[in-house]
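Let's take a walk through a protein chain together. Have a look at the sequence and the 3D picture first, and then we'll go through them piece by piece.

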Amino acid sequence: MMVTRVVQPLLPMCQRLFPTRLAGLSMALLKATALEFAILAGHLLLYPSGIIQERRSAPPLAPPDTAMLPTGSKPPVILLHGFIDNRSVFVLLRRNLTQHGRQHIESLNYSPLTCDIRTAAQLLRRSVEELCERTGQEQVDVVGHSLGGLIARYYVQRLGGDARVRTLVTLGTPHSGTRVAPLANAHPIVRQMRPGSELIEELREPAPGCRTHFVSFWSDLDPLMDPLETACVDHPDLLAENVRVSGIGHLALPVHPAVATGIRQALDLEQPGAPATHTGGLTVA
């Protein structure tokens with residue numbers, strides 16, 4: 001298992017949970033908070049466009065003004081959004097991957113009414129099998145933001161998805177559970193994302209021979225991860241690389257161009273599991 005060193009920032013809990021308080025906040029945190037609000041505003045405008053599940057057909061054509069770079073054959077990519085979100089969160093990442101040669105990218109919407117991560121993982125399994133059958137490919141790559149990464153990990157570890165998923169990239173995913181927003185416990189999926197939940201304990205169980213390569217991007221300014229290192233994959237049976245991102249928050253992870261470059265590098269490895277060029281972390285501020 002390859003895991004980059006996790007460093008707990010010396011930011012008080014109140015600063016992570018209440019980023020709008022100005023007293024004593026670092027300039028980096030202020031910039032990250034301003035960027036989070038800007039991204040949230042833009043995403044709210046795009047959100048209606050992603051409510052409907054995208055049509056499954058031939059690989060989508062790139063926009064007419066997209067400059068295509070030379071590339072060889074690469075596995076299809078499935079993008080999986082986070083809690084109470086939809087595929088519109090991946091508009092910029094999808095464009096970036098398309099520009100750099102990913103010819104078949106699909107986004108999967110799971111219902112906002114979904115109350116069990118296991119149910120969403122079953123949906124992902126059916127979608128992966130259908131995609132492989134439709135494209136003739138044996139494997140796919142998956143990128144999951146927040147809860148989407150946890151759904152994909154459950155599919156890989158507990159439903160035999162390691163036979164199909166070559167590389168799983170997670171962005172701000174609470175792999176060990178997060179304690180943030182305790183008032184949200186009324187929702188069953190939020191309870192499943194708590195430390196010590198039955199589902200989190202399932203993911204701690206042995207997974208010998210797991211073939212999927214995990215790359216987890218975690219931010220040192222992510223207010224939704226408590227503790228911050230919960231966004232790292234830490235399991236003795238998993239081939240995992242954790243990439244620290246400095247200077248941005250939770251919503252920026254699937255949007256920021258520097259993170260998109262890191263994701264692309266992880267997906268483009270000829271032999272998943274080999275050291276990537278961004279092992280030391282990303283500073284994007």
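What follows goes from the whole chain down to single residues.

First, some ground rules: this is a predicted model, so local features need pLDDT of at least 70, side-chain atom pairs count only at pLDDT 80 or more, and totals for chains, interfaces and linings use all residues. Residues are numbered from 1 along each chain as its sequence is written, and side-chain values use heavy atoms, with hydrogens and water left out.

The chain's mean pLDDT is 85, with 80% of the residues at 70 or more. Residues 1-24, though, have a pLDDT below 50, and in the model this stretch has 48 contacts beyond near neighbours in sequence (a contact means heavy atoms within 4.5 Å). Residues 66-71 also stay under 50, with 10 contacts beyond four places in sequence.

Now the big picture. Of the 285 residues, 51% are buried, where buried means under 20% relative accessible area, exposed means over 50%, and partly exposed is in between (1.4 Å probe, protein chains only). Among contacts with a separation of 6 or more, 82% link residues 24 or more positions apart.

Where do the greasy side chains go? In soluble globular proteins, nonpolar side chains tend to be buried together. A nonpolar core is a set of buried Ala, Val, Leu, Ile, Met, Phe, Trp, Tyr and Cys residues joined through side-chain atoms within 4.5 Å. The largest one here has 35 residues, and those touching the most other members are Ile 117, Leu 124, Leu 147, Leu 150, Ile 151, Tyr 155 and Phe 214. Elements that each supply at least two residues include helix H4 (117-135), helix H5 (147-158) and strand E4 (165-171). Take Ile 117: its contacts include Leu 147, Leu 150, Ile 151 and Leu 199. A second, separate core has 24 residues, among them Ile 39, Phe 90, Leu 93 and Leu 253.

Next, find strand E5 (residues 213-219), where seven of seven residues are buried. In a regular strand the side chains alternate between the two faces of the sheet. On one side of E5 sit His 213, Val 215, Phe 217 and Ser 219, on the other Phe 214, Ser 216 and Trp 218, and all of them are buried. Strands pair if DSSP finds at least two bridges between them. E5 runs parallel to E4, joined by five bridges, and Leu 168 has Phe 214 as its bridge partner. Seven bridges join E5 to strand E6 (residues 239-246), also running parallel, and there Ser 219 partners Val 245. Why does His 213 count as buried? Because its relative accessibility is 1%.

Finally, stop at Asn 109, in the loop between strand E2 (105-108) and H4. With a relative accessible area of 9%, Asn 109 is buried. Its side chain reaches the backbone oxygen of Gly 50 at 2.7 Å, and a polar atom of that side chain lies 2.9 Å from the backbone nitrogen of Arg 87. Asn 109 also touches residues including Ile 51, His 81 and Leu 123.

Methods. pLDDT = per-residue confidence, 0-100. Helix = DSSP H or I, 4+ residues; strand = E, 2+ residues; numbered from the N terminus. Polar contact = N/O pair within 3.5 Å; in protein donor to acceptor, adjacent residues only side chain to side chain.
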